[in-house]
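Hi everyone, and thanks for coming. Please bring the structure up on your screens, and we will walk through it together.

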Amino acid sequence: MNAKTRSRVLGWVVTLLTVAGAAFVLLPYFWMVSSSFKTQDAIFRLPLEWMPREPRWQNYPSALGRFPFGVYFFNSTVMALAVMAGNLFFGSLAAYGLAKFRFPLRELCFRAMLSTLMLPLEILLVPTFLVVRQLGLLDSYGGLIVPLAVDAFGIFLMRQYITDLPDSLIEAARLDGCTEFGIYWRIVLPNCRPALAALAVLSFRENWDQFLWPLVIISKEALKTFPLGLAQFEGFHSASYHEMMAAAAVGMIPMILLFLLFQRAFVRGLTLTGLKE
Amino acid sequence: MSNGLPSVPVSLPQARTAARPFSLTYANRLRVAGFLFVLPALLHFALFKFYPMAQALLLSFFRYDLTSSPEFTGLGNYRALYENPLFHQALGVSAKYTLGVAIPEWFLALGLALLLNRAMPGRGLIRLAYFLPIAMSQIVVALVWKFLYHPHGLVNGLLATVGIGRINWLSEEATALPALIAIGVWRGVPLFAVVYLAGLQAIPRDYYEAASMDGAGPWQRFRWITLPLLRPTMLFVMVMSLLMAMKVFTNPLVMTEGGPNGSTRVLPYFIYETGFAFFRMGEAAAASSILFGLALLFTLVQFRLLRRGLA
């Protein structure tokens, strides 16, 4: 075997390993979907049944009928969209100010904002709860949305992008007599569509998924989010794994759609923040 | 000039005289405009980050159960934590979880990124397969893995085919935390591989070509081109992976409720339990302050180390 064929064979082996790794990463999801179509006895049967013998579609309506999952789904979507809108608007607004203007203490402002990356809700759980209670926002959409509506990550991501926009664009608009807010709204925003798309996808994903925060501030059935509903399902029917997997599979659908539709924006968002310092 | 402003000489006499009373000079108007753009975000952070942070510090010196009014206890909450064996246990569990997840992530994610950066048939599809799980909900992950770790679940089913007996993954002290760590790694590696992949793709091809022409082998190219140029990416991955692992909450709550015997009670879960199950808000705030101190320390130490590495 000469050197060329040897490196060819090696290349194929590495590719096969990469594919095997991908299968390993996806296996839990495959098992979830497969189990969601099985009977309760079949899910724990040995030898393993990779595919259900005959798919039980009724697991889905039966699982979703146990709790008002439609309401939960709606609440999660409202929360994720509203938080996303806040992140896009306030994030890009602050980022524009930080990237293209000079004013005293600008660097300090930026650093103070960045430092809040180290203050996630998990750390500030108790005091944030108390603030939201003082504002009278417990058990309300406002309580779900407002504390999350501005996020340092979004500001950081947008600032990276806006810094690279040419100054001449902004100066030209200023000479044309555009107001400062007009410049932001009509010139800057349309020019950072890729970054906005990336932030939108990342933000929606993260907030559709919020669990701890709704868990702490929501007790009304009508305001519960989908993750809370799933956790509740687990608490009440922990033996019905086949139905739980059906409910979980439904909870996965918005994320998968989002990812498949906006894969590029998604990956770009992750990379925009990592690339530069 | 990289910054967006034309340099206006503010101090010129005519600029001053030209300004009418109550009107701002051009440069000052821009300063104010810039500040106003940042102001809404600043106010939000003041209300939902800095004030709560101060509040947490303050509250950590009080006894407070949400209903009766707070009562000053000095360092009482910190002493209570110091004397609480469950807090010591939670610190240890968090440390083990955080390092157990983050350190494998650094290496496996870089390895995966190198694999995915190679030319191979169907690369787009393979990348998609690795990246798809990044989009999954935490709660779905928790439920699915609870099912997989079930005594009669898939993990034991697969082990049975190679003759390994049944293990009660989540209800044995020895295996519960490692089982959660495995999930953290499985979930984090693809995420950070995306970040590394972007870093790898930003390295100009000609560097490698030039090095090859000078006779550098694959290892030398990796050691002297890839590694040094990936430094900023590595810093990002190290800090983010540690911070992410430190705040893990959903899995311990849904899968083990911190058990068995507290072996998976990480610090965020301890805080949640102390505050919202036992209503000892002051003690929870004290524990939060300590967790924040640790996060800060980690981040600063890493910035120091990597900055020195860069110089």
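First, some ground rules. This is a predicted model, in which local features need pLDDT of at least 70 and side-chain atom pairs count only at pLDDT 80 or more, while totals for chains, interfaces and linings use all residues. Residues are numbered from 1 along each chain as its sequence is written, chains are lettered from A and ligands numbered from 1 in the order in which they are written, and side-chain values use heavy atoms, with hydrogens and water left out.

Let's look at where chain A and chain B come together. How many residues does the contact take from each chain? Chain B gives 90 residues and chain A gives 99, where contact means heavy atoms within 4.5 Å. The area buried between the two chains is about 8,800 Å², and carbon and sulfur atoms give 78% of that. Buried area here is the accessible area, taken with a 1.4 Å probe, that two parts lose on being put together, summed over both. On the chain B side, B:F37, B:F48 and B:F147 lose the most area to chain A, together 9% of what that side buries.

Now for the salt bridges. The rule used here asks for a side-chain nitrogen of Lys or Arg within 4 Å of a carboxyl oxygen of Asp or Glu. By this rule there are 9 salt bridges over all chains, and the count between chain B and chain A is 1.

Which residues make that one between the chains? The side chains of B:K146 and A:E234 meet there, at 2.4 Å from N to O. The pair runs from helix α12 (residues 226-236) of chain A to helix α6 (residues 138-148) of chain B. Helices, by the way, are DSSP runs of H or I with at least four residues, numbered from the N terminus. Both A:E234 and B:K146 are buried; that means under 20% relative accessible area, with exposed being over 50% and partly exposed in between, using a 1.4 Å probe and protein chains only.

B:E273 pairs with B:R265, and their closest N and O atoms are 3.1 Å apart. B:E273 has 17% relative accessibility, so B:E273 counts as buried, and B:R265 is buried too, at 13%. The other pair is B:E283 with B:R280, at 2.9 Å. Here B:E283 is buried at 8%, whereas B:R280 counts as partly exposed at 36%.

B:H150 is buried, with a relative accessible area of 19%. Leaving out residues up to four places away in sequence, B:H150 touches A:F44, A:Y241 and B:N156.

Over to the helices of chain A. How do α3 (residues 69-100) and α9 (residues 180-191) cross? Their axes come within 11 Å and cross at roughly 110 degrees. Axes are lines fitted to C-alpha atoms, for helices over the stretch in contact, with angles from 0 to 180 degrees between N-to-C directions. The two helices are therefore roughly perpendicular, the word for angles of 65 to 115 degrees. From α3, A:F89, A:S92, A:L93 and A:Y96 meet a set of α9 residues that includes A:F181, A:Y184 and A:W185.

Next, helix α5 (residues 125-134) of chain A has 8 of its 10 residues buried, so α5 is largely enclosed by the rest of the structure. Among the buried ones are A:P127, A:T128 and A:F129. After α5 comes A:G136, whose phi is positive, near 70 degrees.

Finally, the loops. A:L105 is not a glycine, yet has a positive phi of about 65 degrees. A:L105 lies in the loop between α3 and α4 (106-115) of chain A and counts as exposed at 59% relative accessibility. In chain B, B:N261 also has a positive phi, near 55 degrees, and sits in the loop between α12 (250-256) and α13 (267-276).

How values were computed: Parallel < 35°, antiparallel > 145°, perpendicular 65-115°, else oblique.
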